Amino acid sequence: MIKVSSLSKTFTSSIKEPGIKGSLISLFHRQKQSKEALKSVDLEIQQGEIIGLIGANGAGKTTLVKILAGIVHPTSGDVKVLGFTPWKRPNEYRKQMSLIMGQKNQVWWDLPALDSFLLLKEIYQIPVAQYKRNVEFLAETLMIKDQLKTQVRKLSLGERMKIELMAALLHNPKVIFLDEPTIGLDLSAQKAVRHFLREYQKEFRPMTILTSHYMEDIKELCPRVVIIKEGQFVYDGALSKIQGVLGDEKVVSVTTQSETFRIHVPRQDLANKTHQIFQEHDVIDLNIQDPSIEEVIESIMRTGVHTT
Amino acid sequence: MKRYVRLYLYFLQFSFSKAMEFRLDFSFRIIMDIVYSLVNILFFKILFQHTTLIAGWREDQMLIFVASYILVDAISMTVFSTNMWWLAFQINKGDLDYHLIRPVSPLFFLSLREFSANSFMNLLISIGLLTYALGHYADPFSWSDLFLLLALLINGALMYYCCQMLLILPVFWTQSARGFMDLFYSMGIAMERPDRIFKGWLRVLFTIVLPFALIASFPVRLFLEKFNWPTFLHLVAVTILLWILMLGIWRRGLRAYSSASS
């Protein structure tokens with residue numbers, strides 16, 4: 001179980017005016033600037049649950065995940081994960097936890113994946129039988145069997161992410177933190193990763209926190225969603241309650257001879273609306289996209305769904 | 001403990017298989033290492049053309065000293081140097097995250113992970129050199145003398161590592177990319193001189209604060225001259241203090257890292 005109570009984190013950093021003059025000033029007089037990354041948040045997650053954590057860049061997602069993983073010390077508040085205080089980093093906790101960051105790699109570039117795995121087997125003291133079973137199962141489910149003996153740096157981005165996932169799950173963690181696992185991947189690789197995560201969750205029932213920029217990830221994997229905005233949770237509840245907002249809108253960007261504009265259109269009106277646009281304007285370019293995370297959060301706030 | 005030995009065996013295995021890939025670099029490094037040894041020997045050979053004693057040592061004794069610090073240097077180059085090089089950058093860039101979440105000492109991992117197989121020949125050459133120097137040593141010595149010398153030289157390599165760490169660890173706070181590494185390399189030369197040449201505050205600096213003179217010179221002095229407790233205990237005391245200091249700063253550094261990391 002994960003229990004987070006009134007958790008806050010404030011970063012202080014010194015700011016410097018640009019240029020050499022600024023550097024000279026900062027030598028003698030540092031101006032401090034503090035930023036509240038998390039403002040007294042509460043959260044509870046049960047064994048077997050997977051939650052989606054969404055928010056704009058800099059909203060505090062990664063900070064929360066890093067505190068839970070034990071990398072970051074909070075400023076105040078209390079956290080218990082499986083009964084442990086993460087930032088004290090007891091080995092019993094670290095053996096049952098795993099963190100995957102889409103933007104940082106943990107397997108060694110110059111080694112084939114299997115070599116990295118052997119090292120992890122030793123680090124986590126995974127029994128031989130369990131190790132063999134897991135390598136088999138994970139490679140099978142991720143469809144990456146043939147790449148295990150290739151040096152990781154020679155693999156594609158998608159393949160590398162799959163290796164990262166394998167590496168992080170070899171020791172059957174009870175708690176998994178996935179920070180942007182699909183970032184930068186192409187659509188088919190995103191799909192494969194999502195498919196894998198669903199299968200894995202079904203098979204092993206760990207507690208999982210998933211952060212992502214892609215609404216698809218959240219929609220497919222997380223029955224429960226937490227929305228974070230400027231360090232505060234603005235929504236914590238069932239995905240189904242906000243599903244309408246999530247799946248229903250498309251953003252149409254239009255460029256004409258004279259102007260450029262974007263409008264939000266409900267999915268069912270899309271055909272009519274675009275038809276209308278073509279009739280009314282002299283269209284050069286028209287683009288239909290999913291709304292960005294920021295826009296989704298905005299519309300959820302607008303429609304007035306509140307913390308349950 | 002056994003787990004750490006096994007992990008280290010993996011590090012060795014990986015490093016060697018990686019080194020085999022870059023053969024040109026491999027042979028180039030060997031030549032560089034031989035030149036380094038020769039320059040050091042020649043330096044003292046030239047000095048001995050003008051005098052018969054330096055800091056109380058004859059030429060055959062000095063050769064043992066030269067071979068000793070070359071051995072310490074070789075151990076440090078092979079075991080630690082690549083790791084030290086990366087460590088400063090990793091701290092600076094905030095790349096310790098994955099090391100903090102594993103159930104294994106991050107210090108062990110970060111200090112020993114990259115065994116420099118390329119410098120391994122250097123290690124063999126320096127062992128050969130020390131054997132040669134001992135063969136040409138005029139005075140008698142016992143096996144236990146030799147054993148003590150080797151043990152203290154290994155201890156010296158660890159002290160060298162601690163000193164290096166002490167000058168890297170400020171990166172946790174300074175945010176400069178290399179810490180005081182240049183300072184380390186310019187002062188490291190103190191290891192390559194007999195400790196008797198340091199007097200006054202320089203002696204305090206190099207035998208207590210940054211004990212470069214204790215790395216090779218004290219062990220060799222205990223070997224060449226009669227074993228004496230004050231020198232030995234001085235060495236032991238400084239070793240212990242150095243470790244306590246280094247580990248303490250490392251812990252505080254990690255703490256600073258955890259508070260600042262975002």
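Reader: What makes B:Ala67 a residue that touches B:Ser126, B:Leu129, B:Leu130 and B:Ala133?

Author: In this predicted model, two residues are in contact if their C-beta atoms, placed from the backbone, lie within 7 Å. B:Ala67 touches B:Ser126, B:Leu129, B:Leu130 and B:Ala133, and this list leaves out residues up to four places away in sequence.

Reader: Which residues touch the most other members of the largest nonpolar core?

Author: B:Ala67 is one of them, together with A:Met166 and B:Val72, in a core of 133 residues. Helix H3 of chain B, residues 59-93, gives the most to this core, with 19 residues.

Reader: Why is this core said to lie between domain 1 and domain 2 of chain A?

Author: Domain 1 (2-11 + 42-244) and domain 2 (248-302) of chain A both give residues to the core, and therefore it lies between them.

Reader: How many residues of domain 1 of chain A are in contact with domain 2 of chain A?

Author: On the side of domain 1 there are 10 residues, which are in contact with eight residues of domain 2 of chain A. Strand S8 (224-229), strand S9 (232-238) and helix H9 (239-248) of chain A each give two or more residues to that side of domain 1, which by class has seven nonpolar, two polar and one charged residues.

Reader: What does each chain bring to the contact between chain A and chain B?

Author: Chain B brings 18 residues and chain A brings 27 residues. On the side of chain B, the largest share, six residues, comes from H1(B), and the residues of that side divide into nine nonpolar, four polar and five charged.

Key. Residues numbered from 1 in each chain as written. Chains lettered and ligands numbered in written order. Predicted model: local features only at pLDDT ≥ 70, side-chain atom pairs only at ≥ 80, totals over all residues. Helix = DSSP H or I, 4+ residues; strand = E, 2+ residues; numbered from the N terminus. Nonpolar A, V, L, I, M, F, W, Y, C, P; charged D, E, K, R; others polar. Core = buried A, V, L, I, M, F, W, Y, C linked by C-beta atoms within 7 Å. Buried ≥ 20, exposed ≤ 12 C-beta atoms within 10 Å, placed from the backbone. Domains from an automatic or database assignment.
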